[in-house]
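Hi,

Here is the structure I promised to pass on. Have a look at it first, and then read on for what turned up.

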Amino acid sequence: MKLSLLIPVLNYEEALGETIERLREALGGDVEILVVFDVTKPEFQEQVERLRIELAERFDVRSLVRLDERGFGSGLRYAAQHATGEALLPIMADLSDDVAAIPTMLQKIADGADVVVGARYVEGGRIVGDTPKQRLSRWYTWLMGTLTTVKCGDASNSFKMYRREVWEAVEPRGQSFDLSVELVVKAAALGYRIDQVPATWVNRQAGRSNFRMVGELWNYGRWLLLAMLRLPSRWVIVAGFGLPLLVSWAVWRRPLARASQRP
Ligand SMILES: Nc1nc2c(ncn2[C@@H]2O[C@H](COP(=O)(O)OP(=O)(O)O)[C@@H](O)[C@H]2O)c(=O)[nH]1
Ligand SMILES: [Mg+2]
């Protein structure tokens, strides 16, 4: 089964060359590597053009450039439109994702899974370089697992492999980092089979994260709400029926008791 790796890059990533070198070493030449550069700062244009030629010659990398758009999610959607593989896997360009887990993920897709989550929050998975953002992400995954039936040991990680058909059926619209949650929640709602493998995630060693926690709160919150509505866990169902009953009982208990005592 042919795999396409989708690598989004905002302007320029120092570690992109090494990321691709590691991917080729581990996976060989059969895998398609597609990079989407969003160049928002004109001073990077020349550097990016040189890099594109070098990556194409050395590692057979296909690359696309957008000058007037940005967004982690929209970049990945753009890459997916141009990818030719039957399986799609977003990879970060800052050496964060677990290259060693990829063959197992692909095997699971070949064996019938529709989505395979690279999971940091299951036995065998881990994070190197924990930050408040990572702790929030762990909590978000816990909420998803507790409030919904989406079976996912890592809701927010972008390191998830998709059968192409799933991506096309979901028709994701996310512009930002929350695309990864949108895809898995909607895939679960459509009844696709979600599997997972433990994965290690390494926080970037150089440069600055583009993830803005406050700006993303609504983006992530809305997929959790959608999952609670479409795929509620039994806790949510019990609370959904139980809470209104409890409130009605608290409000009407006294008036009803008084009414029943009247002659
Ligand atoms: N094409 C594109 N790539 C992006 C954008 N924002 C982030 N990226 C890339 O997505 C990957 C992850 O971004 P990063 O800033 O490391 O976020 P973090 O890992 O969540 O802290 C990196 O390879 C970035 O270059 C964007 O707007 N467009
Ligand atoms: Mg990163």
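Let's begin with pairing: two strands count as paired if DSSP finds at least two bridges between them. Helices (H or I, at least four residues) and strands (E, at least two) are DSSP runs, numbered from the N terminus. With that in hand, V117 has Q196 in strand 8 as its bridge partner. V117 belongs to the pairing of strand 5 (residues 115-119) with strand 8, which is parallel and has five bridges.

Some housekeeping: this is a predicted model, where local features need pLDDT of at least 70 and side-chain atom pairs count only at pLDDT 80 or more, while totals for chains, interfaces and linings use all residues. Residues are numbered from 1 along each chain as its sequence is written, and chains are lettered from A and ligands numbered from 1 in the order in which they are written.

Seven strands make up an open, mixed sheet, in the order 3-2-1-4-7-5-8. Strand 3 (62-66) and strand 8 (194-198) are at the edges with a single partner strand each, so one side of each has no neighbour in the sheet. On average, neighbouring strands here are turned by 20 degrees against each other, direction ignored. In total the protein chain has nine helices and nine strands.

Two helices lie across parts of this sheet. Helix 7 (residues 179-189) lies across strand 5, strand 7 (160-163) and strand 8, at about 45 degrees to strand 7. (Axes are lines fitted to C-alpha atoms, for helices over the stretch in contact, meaning C-beta atoms placed from the backbone within 7 Å; angles run from 0 to 180 degrees between N-to-C directions.)

And what surrounds ligand 1? There are 18 residues around ligand 1, the closest being P8, G75, A93, S209 and N210; a residue counts if its C-beta atom, placed from the backbone, lies within 6 Å. Strand 1, strand 2 and helix 3 are the elements that each give two or more residues to this shell, and strand 1 gives the most, with three.

Finally, the domains, whose bounds come from an automatic or database domain assignment: domain 1 covers 3-232 and domain 2 covers 235-263. Their C-alpha centres are 48 Å apart. The C-alpha atoms of the whole protein chain fill a box of roughly 95 × 40 × 30 Å along the principal axes.

Cheers
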